[in-house]
Amino acid sequence: MTRSEESEDGIRVAVSTVILTLRRDGALQGSEGSSPRIALPLVRRTRDPYQGAWALPGGWLDAREGLTAAAARTLAETTGLAPSYLEQLYAFGAVDRSPTRVVSVVYWALLREEEAAEAVGSDPENVAWFDATDLPAVAFDHVQIIEYALWRLRNKVGYSRVAQGFLPPEFTLADLREAYETILGRKLDPANFRRQVDATRTLVPTNAFRTGSHRPARLYRDAGDVELADRGPLSPAETAT
């Protein structure tokens, strides 16, 4: 069975990915200024239904392809990059979500800012990055899917280190706090934030500093090769299948 073939009862299975990053480079559609914003890439549809509208990157699930592999393929086709975090989000299967019966298994992925800035998709003319709070007309139920992914991100950042998925391997505490503030949509007290981060013992101070107009800021890195979020008793591969 190929990706485009249907099951005997006419139900198709698709895999889509909500790819999130923090961007401040002015390249976002509908965004201005230097403050970081949560951004995601959308693909312009070249055929009906919703021809010309924007949609999440996705494709049909191949019978010989696992769900995680399909999500990774979608990301590679759209950006040419691998995510720093990839997790299954939800299965969307409302009967009327598409003119034909389609169940979409949706993943969400995190990209570091410098990776997103260099992203090159397979069809760059029909791919654009948008501020997640200022989306264009979007096909199907993809606005609902995006809103759910943002809700999951805001909730997970409260009890995991998932925000580090947006940051380079080494970062300052100010970088980390800024990522949290962007995700949560509110300012955090620097002193309280530092105490909370220190209490987790998940960051390792390096011997490097970032210099500039202010006093040098120490760079930190994650403590070991640990998952950015607890996936429970299953392995990452099992959670994503």
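A polar contact is a pair of N or O atoms within 3.5 Å; within protein, one atom must be able to donate a hydrogen and the other to accept it, and residues adjacent in sequence count only if both atoms are side-chain atoms. The views below come from a predicted model, in which local features need pLDDT of at least 70, side-chain atom pairs count only at pLDDT 80 or more, and totals for chains, interfaces and linings use all residues. Residues are numbered from 1 along each chain as its sequence is written, and side-chain values use heavy atoms, with hydrogens and water left out.

**View 1. Ser160, in the loop between H3 and H4.** A polar atom of the Ser160 side chain lies 3.3 Å from the backbone nitrogen of Val162. Ser160 counts as buried because its relative accessibility is 11%. Buried means under 20% relative accessible area, exposed over 50%, and partly exposed in between (1.4 Å probe, protein chains only). Leu228 is 68 residues away from Ser160 in sequence, but the two C-alpha atoms are 6.5 Å apart.

**View 2. The whole protein, with six helices and nine strands.** Helices (H or I, at least four residues) and strands (E, at least two) are DSSP runs, numbered from the N terminus. Of the 241 residues, 41% are buried. The protein exposes about 12800 Å², and carbon and sulfur atoms supply 50% of that area. Accessible areas come from the Shrake-Rupley method with a 1.4 Å probe; for residues, only the protein chains shown count as cover. Contact means heavy atoms within 4.5 Å. Among contacts between residues at least 6 apart in sequence, 65% join residues at least 24 apart.

**View 3. Helix H4, residues 173–184.** H4 has 12 residues and reaches 16 Å from its first C-alpha to its last. That is close to the 16 Å expected at 1.5 Å a residue; the expected span is 1.5 Å times one less than the number of residues. Buried residues of H4 include Leu173, Leu176, Ala179, Tyr180 and Ile183. Asp175, Glu181 and Thr182 are buried too. An α-helix has 3.6 residues a turn, so residues three or four places apart point the same way. The cover over the buried residues of H4 includes strands S1 (12–23), S2 (37–44), S8 (203–210) and S9 (217–222), together with helices H3 (142–156) and H5 (190–200). Gly185 follows H4, with a positive phi near 75°.

**View 4. The largest nonpolar core, with 40 residues.** A nonpolar core is a set of buried Ala, Val, Leu, Ile, Met, Phe, Trp, Tyr and Cys residues joined through side-chain atoms within 4.5 Å. Val18, Leu20, Trp108 and Leu176 have the most contacts inside this core. At least two core residues come from each of S1, S2, S5 (85–92), S6 (102–110), S7 (127–131), H3, H4 and H5. Leaving aside neighbours within four places in sequence, Leu176 is in contact with Ala163, Gln164, Leu167, Phe171, Phe193, Val197 and Leu203. A second, separate core has 14 residues, among them Ala39, Leu75, Leu86 and Val105.

**View 5. Strand S1 and its partners.** S1 is mostly covered, with 10 of its 12 residues buried. Two strands pair if DSSP finds at least two bridges between them. S1 and S6 run parallel over nine bridges; Val13 has Val103 of S6 as its bridge partner. S1 is antiparallel to S4 (residues 58–60), with three bridges. Here Ser16 stands opposite Gly58. S1 also pairs with S2 in the antiparallel sense, again over three bridges. In that pairing, Leu22 faces Ile38.

**View 6. The two ends of H5.** Asp189 caps the N-terminal end: one of its side-chain oxygens lies 3.3 Å from the backbone nitrogen of Ala191. Arg201 follows H5, and its phi is positive, near 55°. Arg201 sits in the loop between H5 and S8. Arg201 is exposed, because its relative accessible area is 75%.

**View 7. Thr206, in strand S8.** With a relative accessibility of 10%, Thr206 counts as buried. Not counting residues up to four places away in sequence, Thr206 touches Glu170, Arg218, Leu219, Tyr220 and Arg221.

**View 8. Two loop details.** A cis peptide bond joins Asp48 and Pro49, with omega about -5°. Pro49 is in the loop between S2 and S3 (54–55). Phe140 lies in the loop between S7 and H3. Phe140 is not a glycine, yet its phi is positive, about 55°. At 22% relative accessibility, Phe140 counts as partly exposed.
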